[in-house]
Amino acid sequence: MNGFFLTSTYFGVFLSLAAYFIGIAIKKKVNFSLVNPLLISVVLVIAFLLLFDLDYDAYYAGGRYLSYFLTPSTVCLAIPLYRQLEILRRNLKAILWGSLAGVLSSLGGVLLFARIFRLNYAQYVTLLPKSITTAIGMGLAEEMGGIPAITVAVIVVTGIFGNLTAVLFCRIFRIQNPLAAGLAIGTSSHAMGTTKALELGEVEGAMSSLAIVVSGIMTAAFASFFAMLY
């Protein structure tokens with residue numbers, strides 16, 4: 001059995017997709033916020049590898065093909081930006097200042113965290129892109145001398161956390177304006193948070209989609225400066 005997995009070129013792809021579809025099926029059956037398809041798929045993949053005593057390299061040999069879609073998916077973020085161009089024009093200042101506040105808070109929070117826990121430089125820059133989409137975050141971390149694989153994990157965890165807690169934090173801080181809510185969710189938890197924003201409303205989803213693009217560009221612009229501060 002192990003030999004089949006090790007020799008199957010696309011084993012990682014099939015395992016990843018199967019785990020995710022199982023997660024979606026469970027989500028449809030169990031209407032509970034903590035039941036997140038991506039979180040479930042991560043747990044299932046890890047459990048499968050442990051159960052059959054498979055090395056991560058055996059999984060990644062095929063699973064890496066999924067990562068090839070990251071770059072075109074990032075380019076596709078221009079589509080929601082184009083569709084919501086009128087909203088962008090009407091609320092340009094709010095979007096730019098809101099995204100800027102979120103980006104600086106994220107980068108500043110990582111800097112403070114790194115100093116408190118005395119992380120080394122590589123660990124620090126690995127965490128800097130935690131709140132932006134994976135494709136941009138991986139390239140940014142690698143360029144600054146970080147560890148892209150860990151950056152991916154941190155981005156996923158950040159997205160899942162944002163997806164699960166978005167509504168709670170909006171209630172705690174009494175964020176009732178749909179524009180503000182969408183910006184906050186998209187800036188802090190990228191695409192995974194945006195899926196929750198879309199559930200809240202059309203405006204929230206549109207603003208969250210815009211925030212992914214704007215905050216990604218801003219993070220790429222400011223990350224190098226914050227890297228020099230450590």
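Biologist: Let's start with Ile26: is it buried, partly exposed or exposed?
Modeller: This is a predicted model, by the way. In it, Ile26 comes out as partly exposed, with a relative accessible area of 34%.

Biologist: And where does Ile26 lie?
Modeller: In helix H2, which covers residues 11-29.

Biologist: Okay, what about Ser16, buried or exposed?
Modeller: Ser16, which is in helix H2, has a relative accessible area of 13%, and since the cut-off for buried is under 20%, Ser16 counts as buried.

Biologist: Which backbone oxygen does its side chain reach?
Modeller: The one of Gly12, at 2.8 Å. Leaving out residues up to four places away in sequence, Ser16 touches Val45, Tyr59 and Leu66.

Biologist: Switching topic: how many residues are in the largest nonpolar core?
Modeller: There are 29, and Ile95, Tyr124, Leu128, Met144 and Met207 have the most contacts inside it. Helices giving two or more residues to this core include H8 (92-116), H12 (178-200) and H13 (202-228).

Biologist: Which helix gives the most?
Modeller: H13, with nine residues.

Biologist: And what does Ile95 touch?
Modeller: Not counting residues up to four places away in sequence, Ile95 touches Ile87, Leu88, Leu183, Met207, Leu210 and Val214. Another core lies apart from the largest one; it has seven residues, among them Phe11, Val45, Leu49 and Leu54.

Methods: Residues are numbered from 1 along each chain as its sequence is written. This is a predicted model: local features need pLDDT of at least 70, side-chain atom pairs count only at pLDDT 80 or more; totals for chains, interfaces and linings use all residues. Side-chain values use heavy atoms; hydrogens and water are left out. A nonpolar core is a set of buried Ala, Val, Leu, Ile, Met, Phe, Trp, Tyr and Cys residues joined through side-chain atoms within 4.5 Å. Buried means under 20% relative accessible area, exposed over 50%, partly exposed in between (1.4 Å probe, protein chains only). Helices (H or I, at least four residues) and strands (E, at least two) are DSSP runs, numbered from the N terminus. Contact means heavy atoms within 4.5 Å. A polar contact is a pair of N or O atoms within 3.5 Å; within protein, one must be able to donate a hydrogen and the other to accept it, and residues adjacent in sequence count only if both atoms are side-chain atoms.
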